[in-house]
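Dear colleague,

Please find below the structure that I am handing over to you. My findings follow directly after it.

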Amino acid sequence: MSLSGNGLQLSSSYANDKPPSSTGSGDAELANDPASSGFFTTDFKRHEDLKTMLDSNKDNLKLEAMKRIVGMVAKGKDASDLFPAVVKNVVSKNLEIKKLVYVYLTRYAEEQQDLALLSISTFQRALKDPNQLIRASALRVLSSVRVTVIAPIMMLAIKEAVMDMSPYVRKTAAHGIPKLYSLDPETKDQLMEVIERLLTDKTTLVAGSAIQAFEEVCPERIDLIHKNYRKLVNLLVDVEEWGQVVIINMLTRYCRTQFVNPNLEEEAEEADRPFYDDSEKSSEEEDDEKASSKLKKKVYIMDSDHRLLLRQAKPLLNSRNAAVVMAVAQLYYHCAPKAEVGVVSKSLIRLLRNHKEIQYVVLSNIATMTIRRKGMFEPHLKSFYVRSSDALHIKLLKLEILTNLATETNISTVLRELQTYVLSPDKEFAAATIQAIGRCASNISEITDACLNGLVHLMSNRDESVVAESVVVIKKLLQMRPRSRVKRKKDPTEHRAIITHMAKMVEQITVPMARASILWLIGEYSERVPKIAPDVLRKMAKTFITEEDIVKLQVLNLSAKLCITNPKQTKLLCQYVLNLAKYDQNYDIRDRSRFLRQLVLPGEKGCVLAKYAKKIFLATKPAPVLESRFNDIDQYQLGTLSHLINARAHGYQELPEWPEVAPDTTVRNVSEPVTASVDEVRQRAGAGKKKTADLKSFYSEDESSEEDESESEDEESSGEVDSSDEEEESDEGSEASGKVLKSDATMTRSMNLTLTMTTMKRVRRRVTAAWKRCMLLKRRRNLLRFVNIVGMFIAVVQDIKESKTSKEPKEKKARDEANLLLDLDDLGLSSSTSVPVTPGNMLTPTAFTSSKSDTAISQAVASGNLAVQPVNVKTKTYELLSRMKGNGLNVCYKFTRTISIFSPKMVSIELSFTNLGETNLQAIGIGDKKLQPGMEIQDFPEIATLAVGASTSVLMGINYNDTTQPATFELTTKEQKFNVSITAPVGELLQPHTMSEMEFTSQQGKLSGMNENVSKVNISESNQPMNDLCRCVHTVANVLQIPSSDDAVLRFAAKTVAMSALVLITVMKNDDSAKMTVNCEKMVIATMLLKDIKAALEK
């Protein structure tokens, strides 16, 4: 639009053209205008800066833009106009950008369907991406595009995703199944096949999503659950929290269709109980009936699968998620025997400490439970006392529960509590309390009189709403009195004082319902107050025109009743009131007046019903029933939305009724996998031995010339190791690897401190032969095992050497240690090469010596002949259990920095036990473990006995899953248990990794950006030399030094133990400071490692 009256032009688009001023100097006027900023003018381009950043060539700008856009989406702001700019970046090679783009597309793909369809090919390519997060995100976006045309593409993508190796991708595929079903219901048959496959998945991450897809698509196909029932029940504890809720709700319906009602006997006894005793039956007939009933009654035996479900669900009552606890509670309420339902009460009470929204849901379900089973929550009565800080809806629910739990034994406590609630300043809550008192009085007849007296006293309260509610409740209680005392003759003076008192308060009470209740009482019991009733009618006739409709109707009823019982005093008043009502605006009142006139004041013609007027108006009225509003809510399943709102919600499934006869139980039996027989296992073992005998001659050739006949046993064991290496290449690889590990363990256990110097020479020759075999087979696993065995051999030999040469000088001791190393000439390596080992309590990480020629370094790396020098680093010992806490048992540990014999993903830890007590310790081992997800502990062999003053060492392995979380477990003896925990420094979570300088630089470039941490370090004087600086890095981290062409640059490489994530460390020294860089895709490890090394260099 444009306005040209004063030269001002406004465009409806976001244009950047500046409006010209009337004087022609638009720039100057715009600069002086305080409201000329972009927020107040119409030429501001929305999100223009974000679009510019998304169109740039720099990843950091795109990443920053995507972060801001996703932040806007998270806050609920509209960012749909950025869809074209965002969707272009779906092909970005940056992983972080691609993740955020997929998050945005998942949100807006349904709104921008045309633009999203242009990227379908990109999503299909992303489904083949090696990164599981990208595959899952692409599938999520693809399933979010609500276009029927791509339904076949979605089906193919889901079918491929359920076969994916990653459980996260399979989980995403399960989430996409309901979306595809809602888009194209005709694909139900194909989706059921996919769901059937997902239900057989044994991964806990997939189980919950698969059941949710089952519930959305084909909940009636209960036969798909039969074969997976026991698996789902056993996995229940390990599934994620929201998956647990879905599975439990499904299993509740399954339980109601496949098992018999466990409470059937109790219900049958109540149903068969006779209403009247038949006294005419003879004793013989009664005996015959009892005998026949015993024959008909069947003893109930709970199905083992039914019991399995209840047993596996019970631990989830301790869950921190309120939804899980509520799901287990409804399972027990609907499917468990009545005697066992009480176990859920404490868990539900615990949830009342949660937020008020959760309190409301839990209290609503408890209120329903208390109607049928009061005994569950009666011991926890005080937990439902109302607090002043509670919201009104919480107060009302607690009041409902207190009323439901009231019994003859605890009614005095409940009434005492209700008396305090009446005085609440909250009028609605006080009125509800009075109604609760009335319900208690109606349910327990012994306290009716006391409650009536209390309510009469409340009529003198200053609060009008309290008085009005008291009048209403008193009216209901008085109406119920005749029913409760049928056999007793009515007393004409009964409750006269109460009715008289209420009649006097008609003019004071203004609440229509209370006034109507008083008028009804006076009319119903007019014979008890014959003098007061006409006077009340006279007063009400004066104000008839101004009264509310409900009061007018009761005035008409009062006039009719008094005209029948006392016509002398009230006939004229009755005519007057009926004439007023004849012209009232409300047609109900006009019709009522005409109807009453024909009955009470018949004309000349008369009315047939007039003679029955007294019986019609003064007949005994049925007493009102004061019931809980939760009585009819029990028809809905607990924990559902329908139960909460007391109405059938969309998607609600009725809870099935119990079957009269249990269905076939064999449908849940799963055939066990066929296992090899004992004879087959023996035949395989014999074949393995035959291979060992054939290979023995090949490997023992080099040793036969050097070793005498006494070494034949050792050669046989060596041959077994070699043969097992060959078996790893065959189809029986897993069995062979187990034999090798067993051989390693046997060799380790067979060594002891009785080795002589002659045995040391044999050890050296044996290690030399093992090295040759490793080089021959070129198997990396064999090489790692070889290094591990050498380390254990040398550790034992070092202990022997130290015990014999403790008095010799240090130089001689070092020389002897060097002599114990491998004879490098026998290995065919250069004389300058040494092998890093772990002698005793010293770690020797390998460091490459820097060469002046880059060519020489590259040749050395390529050929494997690397010039290395051992760097001795003292291991740090940590105290695990002090003497005081361990009652004499002292435990220390240290990280050996060797490959664990249990698993390459585990950190090897040496535990040292010392008995400083006064008695022998027996059966020392590991008890219960409390580990984070993904972590595992390999126990050390149990120490049978540890004498007083004795010490021993054992090896254990811990898989920290590349985290610094502590591994908590119990150290146990025969009589005691000690809770301990081992936390690994981040440097001990690494294993050295070999690479060239060129490869180091290449990998460092790939780990840039968010995977790179840089910091400046002020090196202390003691760490200025390069050797000392290198030693500091090795002390902190188990890394390998990489050859560097620059003497001022140190490079180190390693991989994380569990996930094999590459870790690169670069230290560039400059005078007394250095620039340190740590690259790793695990940002937490990189940050903590940088911090630890920096602290060591500055120390």
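For the helix angle reported here, axes are lines fitted to C-alpha atoms over the stretch in contact, and angles run from 0 to 180 degrees between N-to-C directions. Please note that this is a predicted model.

Helix H10 (residues 167–183) packs with helix H12 (residues 204–217) at an angle of about 10°, and their axes lie 9 Å apart. Angles under 35 degrees count as roughly parallel, and H10 and H12 are therefore roughly parallel to each other. On the H10 side, the residues that meet H12 include Tyr168, Ala174, Ile177 and Tyr181; among those in H12 are Leu205, Val206, Ala213 and Val217. The residues of this contact comprise eleven nonpolar, two polar and three charged.

Beyond its neighbours within four places in sequence, Tyr104 is in contact with Met66, Ile69, Val73, Ala79, Ser80, Leu82, Phe83 and Val86.

Finally, Glu997 lies in helix H44 (residues 997–1006). With a relative accessible area of 19%, Glu997 is buried. The side chain of Glu997 makes a polar contact, at 3.2 Å, with the side chain of Ser1045. Not counting residues up to four places away in sequence, Glu997 touches Ile1042, Pro1043, Ser1044, Ser1045 and Arg1051.

With kind regards

Notes:
Residues numbered from 1 in each chain as written. Predicted model: local features only at pLDDT ≥ 70, side-chain atom pairs only at ≥ 80, totals over all residues. Heavy atoms only, no water. Helix = DSSP H or I, 4+ residues; strand = E, 2+ residues; numbered from the N terminus. Parallel < 35°, antiparallel > 145°, perpendicular 65-115°, else oblique. Contact = heavy atoms within 4.5 Å. Nonpolar A, V, L, I, M, F, W, Y, C, P; charged D, E, K, R; others polar. Buried < 20%, exposed > 50% of the residue type's maximum accessible area, 1.4 Å probe, protein only. Polar contact = N/O pair within 3.5 Å; in protein donor to acceptor, adjacent residues only side chain to side chain.
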